[in-house]
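Reader: Please show me the model. I would like to go through helix packing, the chain interface and some backbone details.

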Amino acid sequence: MSAFKPVLTEYIHQKDCHTLSFYKSVGGYSALDKVLKMNPADVIQEVKDSNLRGRGGAGFPAGVKWGFIPKDTNKPKYLINNADESEPGTFKDRLLMNKAPHQMLEGMIIAAYAIGCQTSFIYIRGEFYKEYKMLEMAVAKAYESNLLGQNILGSNYNLDVIIHRGAGAYICGEETGLIESLEGKRGWPRIKPPFPAIEGYLQCPTIVNNVETLSCLPHIINRGADWFKSIGPEKGPGPRLFCISGRVNNPGVFEEPMGISLNNLIFDRAGGIPDGKNLKAVFPGGSSSAILTAEEALDVNMDFDELVEKGSMLGSAGVIVMDETVDMVQACLNIARFYAHESCGQCTPCREGTAWLVKMLTRLVNGSGTPTDIDMIFEITDNIGGLIDFSKGSFGKTICPFGEAVAWPVRSFVEKFKDEFLKYLPQEKVIA
Amino acid sequence: MPLIKIDDKEIQVESGTTVLQTAEANGIEIPQYCYHPALEIVGSCRMCLVQVEGMPKLQVSCNTFVGDVPPDRKVEGKYDMVIHTQNNLVVQERKNILEFLLLNHPLDCPVCDQAGECLLQDYSFKFGSAHSRFEEEKRVRPNEYLGSQIVINHNRCILCSRCVRFTQEISGTSELFVEARGYKSKIAALEDRPLDNLLAGNVADICPVGALLSTDYIHKNRIWNLEKQPSVCQDCSVGCNVDVFSRKNQNFRLTARENQDVNGYFMCDIGRYGFHRFEEIDRVVQPMMRNGETFEALDWDKAIQKTAKLIEQAKEKTARIGSPFHTNESNFLLGQMMAGILGSLPPILGEEINYPSGFRISTDRSPNLRGMTDICGEIPENFLFELNDRNICGLYILDDGVDRDLDDVWKDILARMDFVIVQSYAMTDLAKSAHIVLPGLAPFEREGTITNDQGRVQWLRPSLPVQGEAKPDWEILALVMKEMHPEQQPMQDISQVMKEMGAKFPAYKDISFFRLGSTGISLNGSDEA
């Protein structure tokens, strides 16, 4: 593992790494040159072969997604770069936009070319003002250098990139919520089917890809699918930006191969827990992944499938570390409060259930809980997001995965740290 | 055609139909809130979840489409889809959704106008839990006016967004939106654009719960005390299908009734609140004859005799004036009464409004212009000149009860007549100038057929009892005819009139209440195969 050399963040510590001239000096836009001479279908095949999986959270194979675009349509096709990075504990896209905007743009042009799109959008989180300015500059520079606009690099291929700022809603990171928002509507996720690849932006075929996913593309084109696949587990390979925050000595973004052990990430890369405290729990993939206990965390590799087996997910790779001083009930309330605040309010279970959880947890924290509350929290989370246990029945009860995003972590807190919840009950009510 | 199994029923369905539609068409109830057949599918209430075999999650039946699957993927070797709407998983899920919906609901059915026709009440009763597990404080919000006639009770709202979609898709006016987010979401009207379009009343109709209320009906009555009469709106020539809710001798409200060939699911507020016009009118409830400046009461026999005598003396110098506000039957008998000239009063016109959804309000604000022109007989264009040319000295007018400003030409004509007989339910200016007034029925008392501007004959049904000695207009005309032509077979009932009508006008052949049913028959023959 020590031989791994960063791919996406190789140059981020160098002066002027965000500029076009710097990016070109390290071989930037050479992949684009190559792609423009390729058949779009071959580009899609190359990406399919690379097993590149989405870096936004769901981990859907990017090439497969592109393949859903109908071949026989006269409608325009759109590419949307999802830069709404809003998952708590996730701050990798911000880094990529700040330090390597042209890498991302090159990725966008490659993806757009592959799916036959002539107008693409960057939907950037509203709070990212500095990054927005950075992208504006990069896009202007790209137009200037004929990397965007008409007849890109003399190839007869045209592409426009439009930057659109969000207005600060978590839900607009969900792809159909994002599309609605981009259309100027309320950011309410759409019911599927139809999926965006068939009917997305303005009812036209649309692909939504994450900043990091797109940033991988130039490297896949340049070095080939086999190289990409050789990094980490074959089913979910490639370099990955891990965001480590919380109780660690050295928080930040770390680029590591997919499949690195969580133990390694926390104790090696992020410098371990400060003040000699013990590890208590970890969110492996943003706050919507089920929490792992210290024991589980020390024995898991950061791989899509392995984390699913462990009942959690890799998500956005936002690793939030908690040490023994963290009060898990308070932390759980914090998470529940965040999701209640961000629920779009469309689906009944999510709108009503998230607020119910907050009310109940608040009462518990204030010392008025009852033993039945704890079982109730289980039931409510099941009713919002469905059971994680497939054998017991359905899971996913809302239009978008937001329901699961709140149900899983809250449920995992109660499941794994039940004794802490019990401690909050007024003493006379605890039944041994 | 795909073969599916819902519960234990095997059904062949058209490819592309939804599970919800299929279930409803086959008598299987699937509860629903946000789904409305006229509005875009959003699938947000989650009430219509069903289990589809082979799918990992429960599916919203409103957005699950049935299609052919390849032979190797058929369930049990033959089904394109196998759906469960009654199993434990689905039943439990409904219970869960209802629990969420009722968390902050005030449970104030005893004072709620929707009670009795409330989907939240009905489904809670059928599928919900008898007690609540919610121990927290409820979210309480004050009522708000969304427009001058619509008030919202936020505490009862389940945010199905039907009303929002209605203003976006049907009226195209977009006054409503969902404000704030998540738990704080609520329906609101734009600050500078209150919900005051002419279709606004429909949002109260389509609200599945007691959240959106028409101020016109609020706290007026309980729905189970009201009589529901399917009928047709009489406020323009579109002829929207309506349900009229009444009790004793008072109408309480009108709601739109579905008719895909006419109005879809909706009606306009002109028609919805139009019934109030007839509440405070100066009714004529017995036959009257002029005596100098005043009128004196007559009994029917005398009134009919005098009427017939006046007409017989003047013979063809009597002109008859039909009315687009009256039924086909009345206009038909007026036309058949005698030979001579026919005319009509000046039309009542309003603004024509076309909505993006195709819903329209006609410029002609009478319900039966088409029927009158079809069936009354030829009305010359220059009718007023003809009155002069033919030395007309008497008028028999089917008055429509509308107070119109008659111009000088009309006033001259009325003043010049030897006699004017007016068949009317109200003391209009016309009736005041009459020599004999024969009391007919007011719009909500009448029964008969009317023909809309697209040539659809529909059944107009009464919701209010006849007042005083008034008689159905066709019957008055029949009595006059009987007096004038004792040798002819008299008309005994309205179906006999309709038969005669069909005999004289082939387009109206075979029209009967039974055949009209609740949605009517098109004269163009398109839907009558």
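Author: Start with a helix pair: H8 (residues 328-336) and H14 (residues 494-504), both of chain B, pack against each other. Helices (H or I, at least four residues) and strands (E, at least two) are DSSP runs, numbered from the N terminus. This is a predicted model: local features need pLDDT of at least 70, side-chain atom pairs count only at pLDDT 80 or more, and totals for chains, interfaces and linings use all residues. Residues are numbered from 1 along each chain as its sequence is written, chains are lettered from A and ligands numbered from 1 in the order in which they are written, and side-chain values use heavy atoms, with hydrogens and water left out.

Reader: At what angle do H8(B) and H14(B) pack, and how far apart are their axes?

Author: Axes are lines fitted to C-alpha atoms, for helices over the stretch in contact, and angles run from 0 to 180 degrees between N-to-C directions. For H8(B) and H14(B) the angle is about 65°, and the axes are 10 Å apart.

Reader: Is the crossing of H8(B) and H14(B) left-handed or right-handed?

Author: A crossing is left-handed if the near helix is turned anticlockwise from the far one by less than a right angle, and right-handed if clockwise. The crossing of H8(B) and H14(B) is left-handed.

Reader: How many residues of chain A are in contact with chain B?

Author: Contact means heavy atoms within 4.5 Å. On the chain B side 37 residues take part, and on the chain A side the count is 37.

Reader: What area do chain A and chain B bury between them?

Author: Buried area is the accessible area (1.4 Å probe) that two parts lose on being put together, summed over both. Carbon and sulfur atoms carry 52% of it here, and the total is about 3200 Å².

Reader: Where is Pro193(A)?

Author: The peptide bond from Lys192(A) to Pro193(A) is cis, with omega near -5°. The bond from Pro193(A) to Pro194(A) is also cis, with omega near 0°. Pro193(A) lies in the loop between helix H8 (175-182) and strand E4 (206-210) of chain A.

Reader: What is phi of Asn151(A)?

Author: Most residues other than glycine have a negative phi. Asn151(A) sits in the loop between helix H7 (129-144) and strand E3 (160-165) of chain A. Its phi is positive, near 55°.
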